[in-house]
2 protein chains.
Amino acid sequence: MSKLETMGAERAKLEETMLAAGHAARAAAAILARASAAQKDRALSAMAAAIRADKAAILAANAKDMEIARANGISAALLDRLALDDKRIEAMAKGIEEIRAQEDPIGAILASWERPNGLKISRVRVPLGVIGIIYESRPNVTADAGALCLKSGNAAILRGGSESFHSSSAIHGSLVRGLKEAGLPEAAITLVPTTDRAAVGMLLEGLGGTLDLIVPRGGKSLVERVQREARVPVLAHLEGLCHTYVDRTANLDMARKIVLNAKMRRTGICGATETLLVDQAVAKTDLAPLVKDLLDAKCEVRGDAATQAVDPRVKPATEQDWYTEYLDAIIAVRVVAGVEGAIAHIETYGSHHTDAIIADDAKTAEHFLSQIDSAIVLWNASTQFADGGEFGMGAEIGIATGKFHARGPVGAAELTSYKYVVRGSGQVRPG
Amino acid sequence: MSKLETMGAERAKLEETMLAAGHAARAAAAILARASAAQKDRALSAMAAAIRADKAAILAANAKDMEIARANGISAALLDRLALDDKRIEAMAKGIEEIRAQEDPIGAILASWERPNGLKISRVRVPLGVIGIIYESRPNVTADAGALCLKSGNAAILRGGSESFHSSSAIHGSLVRGLKEAGLPEAAITLVPTTDRAAVGMLLEGLGGTLDLIVPRGGKSLVERVQREARVPVLAHLEGLCHTYVDRTANLDMARKIVLNAKMRRTGICGATETLLVDQAVAKTDLAPLVKDLLDAKCEVRGDAATQAVDPRVKPATEQDWYTEYLDAIIAVRVVAGVEGAIAHIETYGSHHTDAIIADDAKTAEHFLSQIDSAIVLWNASTQFADGGEFGMGAEIGIATGKFHARGPVGAAELTSYKYVVRGSGQVRPG
């Protein structure tokens, strides 16, 4: 065979593998949809136990990934995301147990009512079906996403980053062992068994109509590609360009504590504040200490003229800065004309992810909360709370900024649909 | 200018008009999202009043459409859909008043809880934004869809069928008068001001990112095109291939009454039963009367061998019949091996729209209700109840069979999203 023919044959074989995975997942989804809460929870417990028992094998697989990654000269930040140790493996097992501890969303009666003709109507929660998750280097997503899909009665098809392929395969092995122990089909959680990038395109096409949803977890270029090319619904956020606005009625001590945390606790997460807005009415008193805290914490500050005036270390901000999600120790700072100025700035430059107001005045705060059209709006709290775990959902598969289906943190309950069950006694429709 | 240049210039002009409509709708949506329930209800009352007051003008516009339609040799069924009279205009006004009488969905707190750290989290209902509705000949959709979108705080961009253009324009004029009287922007309900088919393609592209949702209402070819080409989320159903299954435990009198209604009350609606399944255990006793009722009501019956045996008027069914949504006085009839046989048939051939079981045995019925993966499942009632009005939603913009966002009848509450409002007292995220 010529090289081209070989490539064609390989692609055809991959396509066959992927389609078979899709159909097996759909068959598994039909079983999961009818599985009892107890059976799913039994599997989750067994999965957590298997991860603990398989620790040595998972660490060995991870060492292989780390070695390849180092040889490829991957950045320290990416190496850190990829690395597993005893603590991170225990955290994975605990995460599965936390998901297990959540209420089972399936079968819940979301609403029920009776019609004048005696028909009894209920809206009952059902799973979505088969969910494809495309992610990058963190191997723990394999466990989180697999467990969340199982809890919500969905089959999962996982496509991890090629750098974490050995780690994810080992973790996936533990998950499958847990599924088997509880008598659930292996195909309930499938890991795409190749690092071939063509597999991603096949997932985006929907695997012959077997995929119901795709969740991309990773950088902007991955999410952009998925949103552009997917032929199935997508839950995602492209950017977390989050704002914290300090109002004239803010308690300065509270504002300093929150702003520092919102920006610097972790700079690489989507809920990190990227732009600080300060009410012009308190710029004279509040701007300097807020900026000083950030600079002292080794955060680069890019400010408008007023901000530049308070400290020589402040760099000038350009129009582009208001549009930038740094995901780094950099912040843009701007003085605005009160809450209306803040709302106008956020609606112009924001990404509708998470935005906060620091204010003592309830009327101003409630105005901000109602006017800002973002998935999460906060009053007197750090934007870093934008997280399913912090919301009490046990875990999240991601955060969505679209308005369709689910918005904000996506936990087990958000990975569901519903159906209408109507019970009658012989009613026919008149007219 | 050459003909091609003229076409290019016309297309550019249409594109400009459509984009401007999208941006105006988005600006109106921002106002609607903050409008009070009282203001929206005032507009709905004024809209109903305006339709009644403008009756003569609407009838005159409709006469023009009817004249053109007759000249174009349009079928009697389509002419009937297009025709307006005093009664239908009054029904339109009443429909708006029924939508007005529904509870305002916007601002409702869907859930709220407090975290151990004192953060108070609420999930609050918000509108989707701008909804595009693409429909065919029924002019009343203009009033229904406009009113439903307004009630749910969304702006609407309506694209009616070219045959009903004059009628829809007249009705739209009345709606706009109602909006103005309540101080709401005209662009809250926009009617695409042309019959140029290129406008549909522009809607499917999303009007420069201004559209949040498209709802197609019409035949399979329209819905298919929208689902294939739309770059924005779509709520729709392609087919209503609905089944009624008569179990061995069915009360025969009830079954006869329900089957006749489910098929023949109206044959052209999506909730009409297309296939009748009869339990083999009672085929000897129940099949003949069920089939005779249908034949006597002038319904063509296409049956399997067992069904053909009960009456010489029964025609043979082919495999294709089990896949066919007739939307006509034709029914496919098959004898199946009990409830499991019915479930297997429906899951193989059905469209996940609406399916019913007639049975006295509760265990059998509940098994069917849980196993059938359709938007609506019914026990001892006619599939023709698949309708937002019959569900008590006041009205529906359509029925969705996808699992994403909304399933079943789509009323005002289903045309919404939510946001998370988090109220704190200085909380920062640890760790």
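Lys and Arg count here as positive and Asp and Glu as negative, while His and the chain ends are not counted, and the place of a charge is taken as NZ of Lys, CZ of Arg, CG of Asp or CD of Glu. On that basis, the mean positions of the 50 positive and 53 negative charges of chain A lie 4 Å apart.

This is a predicted model, in which local features need pLDDT of at least 70 and side-chain atom pairs count only at pLDDT 80 or more, whereas totals for chains, interfaces and linings use all residues. Residues are numbered from 1 along each chain as its sequence is written, chains are lettered from A and ligands numbered from 1 in the order in which they are written, and side-chain values use heavy atoms, with hydrogens and water left out.

**Chain A as a whole**

Chain A has 15 helices and 16 strands, where helices (H or I, at least four residues) and strands (E, at least two) are DSSP runs numbered from the N terminus. Its C-alpha trace spans about 70 × 65 × 45 Å along the principal axes. Of the 431 residues in chain A, 57% are buried, a term that means under 20% relative accessible area, with exposed over 50% and partly exposed in between (1.4 Å probe, protein chains only). Among the contacts of chain A with a separation of 6 or more, 71% join residues 24 or more positions apart, contact meaning heavy atoms within 4.5 Å.

**Cysteines**

The whole structure holds zero disulfides over all chains, a disulfide being a pair of cysteine sulfur atoms within 2.5 Å. Two of the cysteines are set out below.

| Cysteine | Nearest cysteine sulfur | Distance |
|---|---|---|
| C270(A) | C242(A) | 6.7 Å |
| C242(B) | C270(B) | 6.7 Å |

C270(A) counts as buried at 16% relative accessibility, and C242(B) is buried as well, with a relative accessible area of 0%.

**Two residues in their surroundings**

V421(A) belongs to strand 16 (residues 416-427) of chain A and, at 5% relative accessibility, counts as buried. Apart from neighbours within four places in sequence, V421(A) is in contact with K120(A), I121(A), S122(A) and V124(A), and also with L369(B) and V377(B). V421(A) and S112(A), 309 residues apart in sequence, are 9.2 Å apart in space, C-alpha to C-alpha.

T267(B) sits in the loop between helix 10 (252-264) and strand 8 (273-279) of chain B, and this residue is buried, with a relative accessible area of 19%. Leaving aside neighbours within four places in sequence, T267(B) is in contact with A272(B), L327(B), D328(B) and A329(B).
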